[in-house]
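Dear colleague,

Below is the structure I said I would pass on. My notes on it follow.

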Amino acid sequence: MRLSRYYLPTLKESPAEAQIASHKLMLRAGMVRQQGAGIYAWLPFGHRLLKKIEQIVREEQDRAGAVELLMPTIQQAELWRESGRYDAYGKEMLRITDRADREMLFGPTNEEMITEIFRAGVRSYKDLPQLLYHIQWKFRDEIRPRFGVMRGREFLMKDSYSFDIDADAARRSYQRMFAAYLRTFARMGLTSIPMRADTGPIGGDLSHEFIVLAETGESAVFCDRQLLDLEVPGADLDFQGDLSPIMDRYTSYYAATEEKHDPAEFEARVIEGDRIAARGIEVGHIFFFGDKYSTPMNAVVAGPDGKDIAVQMGSYGVGVSRLAGALIEAFHDDAGCKWPISVAPYHVGVVSLKAGDEAVEAACQKAYDGLHSAGIDVLYDDTKARPGEKFARMDLIGLPFQLIIGPRGLADGKVEVKRRADGERWDMSLEQALDFISAEVKAGLAA
Ligand code: 5CA
């Protein structure tokens with residue numbers, strides 16, 4: 001992409017309404033534009049980030065054996081009356097009426113709808129387990145939408161739903177999502193800690209929140225420092241195998257959100273030097289709630305003896321749009337964003353130091369074509385802005401590599417490569433630079 005043809009409305013100053021780094025930087029780097037309280041338009045650069053996050057979430061769901069579908073944002077009130085949640089959900093639900101005065105709502109979550117879809121198509125225990133997911137916009141009329149996309153009213157969620165014949169099988173589905181979540185966040189460079197959590201309006205008794213530690217996080221959390229160093233399951237993990245050792249390992253350490261925190265147990269189980277009392281961002285939340293929806297909604301299958309059994313269900317959410325903010329909280333400095341390669345909207349920024357110079361333009365074009373054909377996402381700053389302005393903008397938008405090409409360097413056969421993560425710079429030939437960047441990006445994507 002050529003910057004001269006792109007839409008990247010960057011800002012030099014932080015807008016006054018933003019309180020935390022991620023919100024400030026998303027506005028400054030031209031990623032989102034507010035359209036109402038807790039409602040954001042995703043501008044091209046932010047949209048690419050969102051798609052990269054979404055794709056990692058999708059790949060790890062697929063790897064774990066979950067099957068993608070897409071449910072609508074608008075739901076019928078009737079469905080929610082079946083579970084009893086239409087009245088119980090309260091003011092957080094955005095209620096709508098259509099022209100025929102039918103009661104509708106903008107879905108805050110999809111337990112009821114997926115249960116309806118399941119019961120329409122599955123009759124026998126032989127068709128279990130089922131594990132379905134979608135990635136769709138939700139609306140919750142939060143009292144205090146804040147921190148930009150971190151607590152929005154309209155937000156993008158990945159939500160999965162499992163259906164099993166009994167509680168043991170359901171626990172295995174839960175363990176699959178547990179392991180998949182560890183991998184999902186690790187691929188984004190994030191250390192997530194599963195913590196015992198309250199279930200709120202979703203219900204059930206077994207629940208973990210996946211928390212990324214951050215000073216600006218909304219949740220107060222307590223955990224054992226050892227959890228930060230546990231090895232995350234690799235890409236070769238067999239999701240059909242026994243995953244209980246993974247969950248047992250993690251849950252053998254103390255980790256709880258404020259609501260589930262027990263100070264006496266914390267002190268008894270964790271040595272003083274390892275006690276972390278901190279703040280965190282909830283990037284995922286998983287629930288096992290048994291027959292809370294299947295019984296009232298009559299989602300049953302015929303068991304081996306022919307008798308109907310209400311299925312055991314769980315649901316598993318990832319805050320896809322919230323992760324955009326969480327990633328910036330984890331990866332930024334005073335100059336701007338510092339994207340990990342796996343989620344970077346573009347991997348490399350090619351910076352021309354002299355627009356209009358024939359040799360510089362030819363070299364930039366060669367760099368662009370070479371990287372692009374190697375499968376690398378390139379943003380080419382071909383604008384007429386001054387070098388200082390270009391450097392500041394590149395640092396602000398935080399692409400992992402900058403390839404800086406100017407007339408003086410070219411005369412010596414050199415270009416400059418800068419790595420945003422640590423600021424390190426190298427002079428090398430254009431060919432070497434292309435090889436170096438390609439290799440680094442491929443390694444980053446494989447990690
Ligand atoms: N049905 C269940 C699991 S699919 C559910 O809705 N769980 S949830 O309420 O915990 O939401 C799942 C994830 O969505 C949360 O962990 C959080 O990362 C994200 N999320 C929830 N509310 C918001 C919000 N207002 N803004 C941004 N992300 C949110």
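How many disulfides does a search of the whole structure find? The search finds zero. Please keep in mind that this is a predicted model.

Five strands make up an open sheet with mixed pairing, ordered 20-19-21-22-23. The edges are taken by strand 20 (378–381) and strand 23 (425–428); each has a single partner strand, so one side of each has no neighbour in the sheet. From one strand to the next, the twist averages 20 degrees. Strand 19 (residues 348–352) pairs with strand 20 in the parallel sense, over four bridges. Within this pair, Gly349 is opposite Leu379 of strand 20.

Two helices belong to the picture. Helix 11 (residues 387–397) packs on the sheet and touches strand 19, strand 20, strand 21 (401–405) and strand 22 (415–419). The direction of helix 11 makes about 175 degrees with that of strand 19. Helix 13 (residues 430–446) lies across strand 19, strand 21, strand 22 and strand 23, and runs at about 170 degrees to strand 21.

The hairpin

Strand 1 (residues 32–36) and strand 2 (residues 39–42) are antiparallel and pair over four bridges. Arg33 has Ala41 in strand 2 as its bridge partner. The two strands form a hairpin with two residues between them, and in the turn Gly38 has a positive phi of about 70 degrees.

The cores

The largest nonpolar core has 82 residues, and the members that touch the most others are Met31, Phe45, Ile53, Met188 and Trp339. Helix 6 (residues 167–187) contributes the most to this core, with nine residues. At least three residues of the core come from each of domain 1 (3–337) and domain 2 (348–446).

What does Trp339 touch, leaving aside residues up to four places away in sequence? Its contacts include Met31, Phe45, Leu49, Leu327 and Ile328. Also among them are Ala344, Pro345, Ile397, Gly398, Leu399 and Pro400. Another core, of 25 residues, lies apart from the largest one; Met93, Ile114, Tyr293 and Met313 are among its members.

Regards

Definitions and conventions:
Residues numbered from 1 in each chain as written. Predicted model: local features only at pLDDT ≥ 70, side-chain atom pairs only at ≥ 80, totals over all residues. Heavy atoms only, no water. Pairing = 2+ DSSP bridges. Axes fitted to C-alpha atoms, helices over the stretch in contact; angles between N-to-C directions. Contact = heavy atoms within 4.5 Å. Disulfide = S-S within 2.5 Å. Core = buried A, V, L, I, M, F, W, Y, C linked by side-chain atoms within 4.5 Å. Buried < 20%, exposed > 50% of the residue type's maximum accessible area, 1.4 Å probe, protein only. Domains from an automatic or database assignment.
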